Amino acid sequence: MAKTDSNPDWWRDAVVYQVYPRSFADGSGDGVGDLPGLISRLPHLVELGVDALWISPWYRSPMADAGYDVADYRDIDPLFGTLADGRRLIDSAHELGLRVIIDIVPNHCSDQHPWFRAALAAGPGSSERQLFHFRPGLGPDGEQPPNDWPSAFGGPGWKRVIGPDGKPEEWYLHLFNEHQPDFNWDHPEVRAEFESILRFWFERGVDGFRIDVANLLIKQKGLPSRGPLEAAGEPSPYEDRPEVHDVYRAWRRIADSYGEFGATRIFVGELWVGPASLKRYLRPDELHTGFNFPYLQAPWQAAALRSIIDSTLELHAEVGAPATWVLGNHDVTRVVTRYGRTESSWSLSGVRVHNVPVDLELGTRRARAAALLYLALPGCAYVYQGEELGLWEVEDIPDELRQDPTFFQSGGRDLGRDGCRVPLPWSADEPGFGFGAARTGGTAGVAGVAAPWLPQPAAWKERAVDVEAGDPTSVLALYRDALRLRRSVLAHDVVRSDLTWLGTPADVLHFQRGDDGFTCVVNFGPEPVPLPEGGEILLTSAPLADNLLLPSDTAVWLRQPLN
């Protein structure tokens, strides 16, 4: 593949591969993935056929929340490498034709960030504390949190500070882990700092940013309690505040200023908001794209998915933004496991579902069909590492090995997200399935190579990259074939076009795209169904039944004569 070109619209139909760096590939032999390991495995992404990679946080961090607690936004944590490694990764990816998107975490930082440490030292009423949300507590002695805002990881969203004299004093806001204090985005110094951080990384060659919890930055003046507002039907005091759009308009101007030679720099937002709100974030002067979470959350049902596809395309057409399609990420139960359960939907609210019966064969079959469905839709698509191998959620991790703060803050009621973050298997016959093989140029098992930071299931031996690469029926082969066809058959102007639904039974989705008769058919029902007549079969997610019938939970791509 050639070097990245200057196509200004590359982001409108890109397939982006999410790299969770501590679990992708270990180049140092310490059991944790890193940038040298990632660089050594970039050919895997080229052979897969993706257009870009999105890297979860690599910044210097105490790792209280796997790097989402940032202590220094202009440096790379030694666990992953150095700034020089980061530059080498960006340059290597570009040489291979891959663009690089990195995470930015603007809502909160680490309690080890220099600003927060200075705020603690400066004491109540100081200018340093104005950069965060410090407040006196309620009750006679201030022993109660300032309001009722919760932490997303469980418990209250406030932590009380113990002063240098050992006495309790003010509280600070943390909508996530207690080691992740929220910034005060009403303060101009916070806004200026993050604009400087964007420029720092744009000048080092990154092609864009994924914005963590992009809708949470702004808090309502006075930090009122949520309960009374909800009872009165008022908007949330900390979610999706209208003032946040000023932030992203400023960021968009910065990104556009780096669009030299037509190479657009982009933003994708993690936006847990409703359709009307999402549309506002995607206006032409704000974010380029936002994750399509309703699609990710939907059950494996034809009617539910068709409804979401229609509403998604309609919403994005109104603002001229491309839709995004995603099956999973580092926060979500893996798609093979979800689709192998009786209840196949996923919800962010409440405690995650763990250790319910799973039919992995069924889940794999559905995940294969789901891959052909979402890769056939107009817009851009995201692949979470391991989806191309058909990996499932690891639910039997011993408690003493778990690291997700969700597990600890929920008192173990929610096992958290470690199960979708287990290190990838590369080589079936190597220790750790070759996760640490990058250290020795491809030979794991030498002295000094530590075991992966989370244990891998023995059954992943059959899902290792080297096994699947040699099997034309594997999930990896399916993804490679699908991405090759997407690039060749679904040319750029076709990928961005609308789709036309064709008449089918209720349990079947059947649509056609473009001027070349590209057709996708997915059978969600329990019985095989006939294929459309006169079509050339391009790719199937599973073998066809006798008489060219499309089996249950199977998808097919066809080139079919236009009506």
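In β13 (residues 380–384), Val383 is the bridge partner of Tyr17. Strand β13 runs parallel to β1 (residues 15–19), and 4 bridges join the two. Pairing requires at least two DSSP bridges between strands. Helices (H or I, at least four residues) and strands (E, at least two) are DSSP runs, numbered from the N terminus. The model is predicted: local features need pLDDT of at least 70, side-chain atom pairs count only at pLDDT 80 or more, and totals for chains, interfaces and linings use all residues. Residues are numbered from 1 along each chain as its sequence is written, and side-chain values use heavy atoms, without hydrogens or water.

Strand β1 also pairs with β2 (residues 52–55), again in the parallel sense, over 4 bridges. Here Tyr17 stands opposite Leu53. Of the 5 residues in β1, 5 are buried (under 20% relative accessible area, 1.4 Å probe, protein chains only). Val15, Tyr17 and Val19 point one way, whereas Val16 and Gln18 point the other.

An open antiparallel sheet has the strand order β6-β8-β7. Its edge strands are β6 (134–135) and β7 (158–162). Strand β6 pairs with β8 (residues 168–173) over 2 bridges. Arg135 stands opposite Trp171 in β8.

Helices α5 (residues 188–202) and α7 (residues 244–257) pack at about 30 degrees, with axes 10 Å apart. Axes are lines fitted to C-alpha atoms over the stretch in contact, and angles run from 0 to 180 degrees between N-to-C directions. The two helices are therefore roughly parallel (under 35 degrees). Contacts (heavy atoms within 4.5 Å) include Phe194 and Leu198 of α5 and Trp251 and Ile254 of α7 among the residues that meet.

Methods. Parallel < 35°, antiparallel > 145°, perpendicular 65-115°, else oblique. Buried < 20%, exposed > 50% of the residue type's maximum accessible area, 1.4 Å probe, protein only.
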